[in-house]
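Here is a friendly note to read alongside the model. Please keep the structure open and look up each residue as we come to it.

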Amino acid sequence: MRTRVTDMFGIELPIFAFSHCRDVVAAVSRAGGMGVLGALYFTPEELEMELKWIDDHVDGRPYGVDVVMPASYEGADFAADELVGRLQAMIPEGHRSFVENLLAEHGVPPLSADADAGRVLLGWTDATARPQVEVALRHPIALLANALGPPPADVVELAHSHGVKVAALASTPRHALKQVEVGVDVVVAQGTEAGGHTGEISTMVLIPQVVDAVDVPVLAAGGIGNGRQMAAGMALGAEGVWTGSLWLTVEEADTPEMAKRRILEATSRDTVRSRSWTGKPARLLRNEWTEAWESAESPGTLPMPLQFMLVSDALRRIGRSDAAELATFPAGQIIGLMNQVRSTKDVIFNLGEEYGEALERLERITED
């Protein structure tokens, strides 16, 4: 396959795979696509180790890094050295009590002393994401992606000065135009079906609108999990696909077994757009956690990054307990088609094979 993005990055297939798991990232790139490591959950020191490992296991193939630099959030004008403390002081005690009571109702124990509690901010702000960018640009990455809003113009310029292309996610044509204004090279048009932060417009409607609005290559995202859907995205004008949830259940993924099992059992109706994770709408696996935040007893969610700071230790406690009914995480509607564990290489092969079959089917229809 050849599109502007395959030429841009020297890849065989215009398949981009977002994952927090380094093994998945390396496997996708080795298979001819481009793996993109989500940097959010790593400290700069941890990210350095992850990227060094990928450098050693990607066989010289291109890969990318995804950061979160939101355009707006609480505390954007706070100094970096006082950011966490001042933000913590903004979280109401009533919200803290709501979380503790919810965990107590489900018998979730506290974290042990060595369980890495207190990682409450991560890369949810400009100040905390910039060190991740600095680490990423010390490695031979081919792509720097921003997952939430247009990246700062100076970050785009910095990436370009290192010979690194920049991508950013957009959920409306207006967002796509803002991305292009700051100099991004690729726009990821992400429909509401996608896992994680996502807008309200469906992929089928969004992609042609974004393609018509910008002159840079567009990747289709949201509900892309097989070759037929990939062909549909390309037919709508995209020059590649951006995938995420698809990789949660591959053999190489480090997804916890409880979460992997729930994904394999879920239907496409088992996700919901909720602010209970970060304060901004994100598609999560629906369960008693997301329902509790929509209940009459809920104090309401807090703006980013306060909501994640409020719940980060709680989510970690849930992950270390048997409270599967509270375990939630970003997941797209494509999980309804994910019912078996496969290797990353097989997933890539099947995407290409099904894509070809879809094109042949269209050709037969045209001939008839």
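1. Let us begin with a term: two strands pair if DSSP finds at least two bridges between them. Please remember, too, that this is a predicted model. With that in hand, look at strand S6 (residues 186-190) and strand S8: they run parallel and are joined by four bridges. One place to look is valine 188, whose bridge partner in S8 is leucine 219.

2. Now turn to the other neighbour of S8. Strand S9 (residues 241-243) pairs with S8 in the parallel sense, over two bridges. Here alanine 221 has tryptophan 242 in S9 as its bridge partner. To get from S8 to S9, the chain passes through helix H10 (residues 227-235), and this β-α-β crossover is right-handed.

3. Are the residues of S8 (residues 218-221) buried or exposed? Val218 and Ala220 are buried on one side, and Leu219 and Ala221 are buried on the other, so both faces of the strand are covered. In general, side chains in a regular strand alternate between the two faces of the sheet.

4. Next, the nonpolar cores. The largest has 60 residues, and Leu51 and Trp247 touch the most other members. Helix H14 (residues 344-367) gives the most to this core, with five residues. Leaving aside residues up to four places away in sequence, tryptophan 247 touches Ala17, Phe18, Val24, Val28, Ala253, Thr344, Val347 and Ile348. There is also a second, separate core of 37 residues, including Val120, Leu122, Ala292 and Leu302. As background, nonpolar side chains in soluble globular proteins tend to be buried together.

5. Which helix gives the most to the lining of the second largest pocket? That is H8, with four residues. Helix H8 (173-181) and strand S5 (165-170) each supply at least two residues of this lining. The pocket has a volume of about 520 Å³. Its lining has 24 residues, of which Leu148, Gly149, Leu169, Ser171 and His175 lie nearest the centre.

6. A cis peptide bond, with omega about 0°, joins methionine 304 and proline 305. Proline 305 sits in the loop between helix H12 (288-294) and helix H13 (306-319). The other detail is aspartate 59, a residue other than glycine with a positive phi, near 55°. Aspartate 59 is in the loop between helix H3 (44-57) and strand S3 (64-67). Its relative accessible area is 62%, so aspartate 59 counts as exposed, the cut-off being over 50%.

Key:
Residues numbered from 1 in each chain as written. Predicted model: local features only at pLDDT ≥ 70, side-chain atom pairs only at ≥ 80, totals over all residues. Heavy atoms only, no water. Buried < 20%, exposed > 50% of the residue type's maximum accessible area, 1.4 Å probe, protein only. Right-handed = clockwise from strand over helix to strand, strands pointing away. Core = buried A, V, L, I, M, F, W, Y, C linked by side-chain atoms within 4.5 Å. Contact = heavy atoms within 4.5 Å. 1 Å grid on protein atoms, 1.4 Å probe; cavity = no way out; pocket = protein on both sides within 12 Å on 5 of 7 lines; lining within 4 Å. Points joined across faces, edges and corners; volume = space filled by probe spheres on them.
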